[in-house]
Amino acid sequence: MSSPLLQVDDLHVRFATEDGIVNAVNGISFSVGPGEMLGIVGESGSGKSVSMLTVMGLTRAANSDIAGSVRFQGRDLLSASDEDLRRVRGDDIAMIFQDPLSSLHPFYRVGAQIVEAIQAHRDVPDSAARERVVELFGLVGIPDPRQRIDAYPHELSGGMRQRVMIAMALANEPKLLIADEPTTALDVTVQSQILDLIARLQRELGMGVVLITHDLGVVAEVTEQIAVMYAGKIVEHASTQKIFAAPEHPYTWGLLQSIPRLDRGRDEPLVPIPGLPPSLINLPSGCSFHPRCPYVRPPHRRVEPELEPLADDPSHRVACLLDSATRRRIWADLQAGLGPQAARAKAKLGESV
Amino acid sequence: MVRYIIRRLLWVIVLMIAVSFLTFIIFYTLPSADPAVLRAGKNPALADQIRERLGLNDPWYQQYWIYMKNLVLHQDLGYSYQSNVSVKQELIDRLPASFSVAIGAAVIWLTSGIAIGTISALRSRTLLDRATMGAALVAISAPVYWLGLVALYLFSQDIGKFHLFMGAGSYVPFSQDPWLWFGSLIMPWFVLAASFSAFYARLLRGNMIEVMGEDYIRTARAKGLRERSVVRHGLRSAITPVVTAAGLDIGVLLGGTILVETVFNIPGVGRLSYEAIQNADLPLIQGTVLLGAFFIILANLVVDVAYAYLDPRVRYS
């Protein structure tokens, strides 16, 4: 990895609400290089979307408190003026969202909405911008671009709408594309088409991509790196291959065991993660995951784990208070078909408390 | 779309017949003064004579039949019981004044309401927002006749504390002197517009705050639009219900504004209908009611058609 495109360091985002301070993002660090694809995985409320919206400057508000550093090509975005950030948005960094129907303006034609995105950053005449839209529609696989350009969003199918969103994001050839749950609102058959499209465009255009999802299955095939987020923190960060083959955080295990896999027996039950995501207003003490962790020990309620590299693999970082050897034994037992309670007993972690 | 409009226009005719029938029924069932006595004064013989001449001794359905026959065959709205003038001519003479009041007030309340609502939404929860919305609540609650009298007592050139604007009874038709016409209508316009402006400001503010939280506004920001364009995106959605409300409100007011025309003594259709009711003058009542109903029905049609152009998701078939 040469100089990174996007470098996020110790980012904190808090919102003041009527119910109290919401600690949405609590000190995350990661980087994305040109041509790299990073997956950010986590439940809703884990801070994955908020952190990327903050990169774009879209969480700036009277009630938000943002700390840390976000650098894009070496330039600090958190201290940039609103106007400087506006110039970056949609030009250097583009974003696509979960629900393409609600993300497109219902009263404007799709072509016009993309022309607008082009003209916000480049002084080009309408006719040239329209030609560019036709070209973009071809690139993202929208048939009959010249007819579709004048369609309203409600006249297109879900998959076509998301292609329009992608075309809009690509309009100014961004260096970084942020895709926030781009397939969640789509039919299963369309999901893989959209994912393939994003992967192909990333290769062809050499963009950096951040793919946000709650579904490990989505990131498995297309990303190089995965960051798993929980309660506003990254709890595990490794190559995609490592996350699936040798995960070391109990939350990652929970995610992996709760998705069906073809290489396991049909009668093997899916294991859900017990409990609910924590309140971001009153975060749990110590390790944020401790109330739901089957392997919790008394000190875990007090001590906050740091995201630390493994001794034998510095590219694999985990925030867990169990030692690495214990974690590997438990994962091996889980792989062998043991339930979480049996694995706990075998690892001699003491009575579950 | 054309077929839809034709079908709606046919409904206009049906509704107008229903309205005329109801007006007749109400006039004859509810207690009312005898128009012949009102005109003849303390002279029973004269009253009988008038009753006979106006056909008031015929049963009501026969009177209705004659009325409708004249209306359909000759576009004739009959003659006033009180003054014998043609109702149609009277309405034509009075309409410009009512139009002047309604259109002028609409221009004021739309521009001020939209501006105030937008600014309040974008500055929501600030002192400015709270102050304007509080003032708007007062304006909505203030009755037009009270506000009109207060305005006259404060600002009219004859009885006012500050001799700023022309007072009651100063209306001059546009065709006669545009400058005096404008001057005489300033106070009626603002008095009539006050509560509408406040209502529209609150309506637009609410819509705008809701719309500015929509996903497509986030998209507009994410693609790097200037804040001015982002607000335009929001306003484009938030204004649609305002246009609908404006169409209907203007439709109602075109048929005459009884309170404002009475307070400021403007010879419009509103004051005409007020006088007609006082005189139990059925042909005049019928004429003003039909005119008012016609504008309301027409405004509904215009609003529905306009909606299809404002919101591309709406299509009539």
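Chain A of this predicted model holds an open sheet of eight strands with mixed pairing, and the strands follow the order S6-S7-S8-S3-S9-S10-S12-S11. The sheet ends at strand S6 (93-96) and strand S11 (308-310) of chain A, the edge strands, each of which pairs on one side only. From one strand to the next, the twist averages 25°.

**Within the sheet of chain A**

- S6(A) runs parallel to strand S7 (residues 176-180) of chain A, and four bridges join these two strands.
- A:Ile96 has A:Ala179, a residue of S7(A), standing opposite.
- Helix H11 (residues 250-257) of chain A packs on the sheet, where this helix touches strand S3 (37-41), strand S9 (225-230) and strand S10 (233-239) of chain A.
- The direction of H11(A) makes about 105° with that of S9(A).

**Where chain B touches chain A**

- The contact between the two chains draws 23 residues from chain A and 17 residues from chain B.
- On the side of chain B that touches chain A, helix H9 (215-222) and helix H10 (227-238) of chain B each supply at least two residues.
- H9(B) provides the largest share of that side of chain B, namely six residues.
- Sorted by class, the side of chain B that touches chain A has nine charged, four polar and four nonpolar residues.

**Confidence of the model**

- For the model, the scores are ipTM 0.90 and pTM 0.88.
- Chain B has a mean pLDDT of 93, and 100% of the residues of chain B reach 70 or more.

Technical notes. Residues numbered from 1 in each chain as written. Chains lettered and ligands numbered in written order. Predicted model: local features only at pLDDT ≥ 70, side-chain atom pairs only at ≥ 80, totals over all residues. Contact = placed C-beta atoms within 7 Å. Nonpolar A, V, L, I, M, F, W, Y, C, P; charged D, E, K, R; others polar. pLDDT = per-residue confidence, 0-100. Pairing = 2+ DSSP bridges. Axes fitted to C-alpha atoms, helices over the stretch in contact; angles between N-to-C directions.
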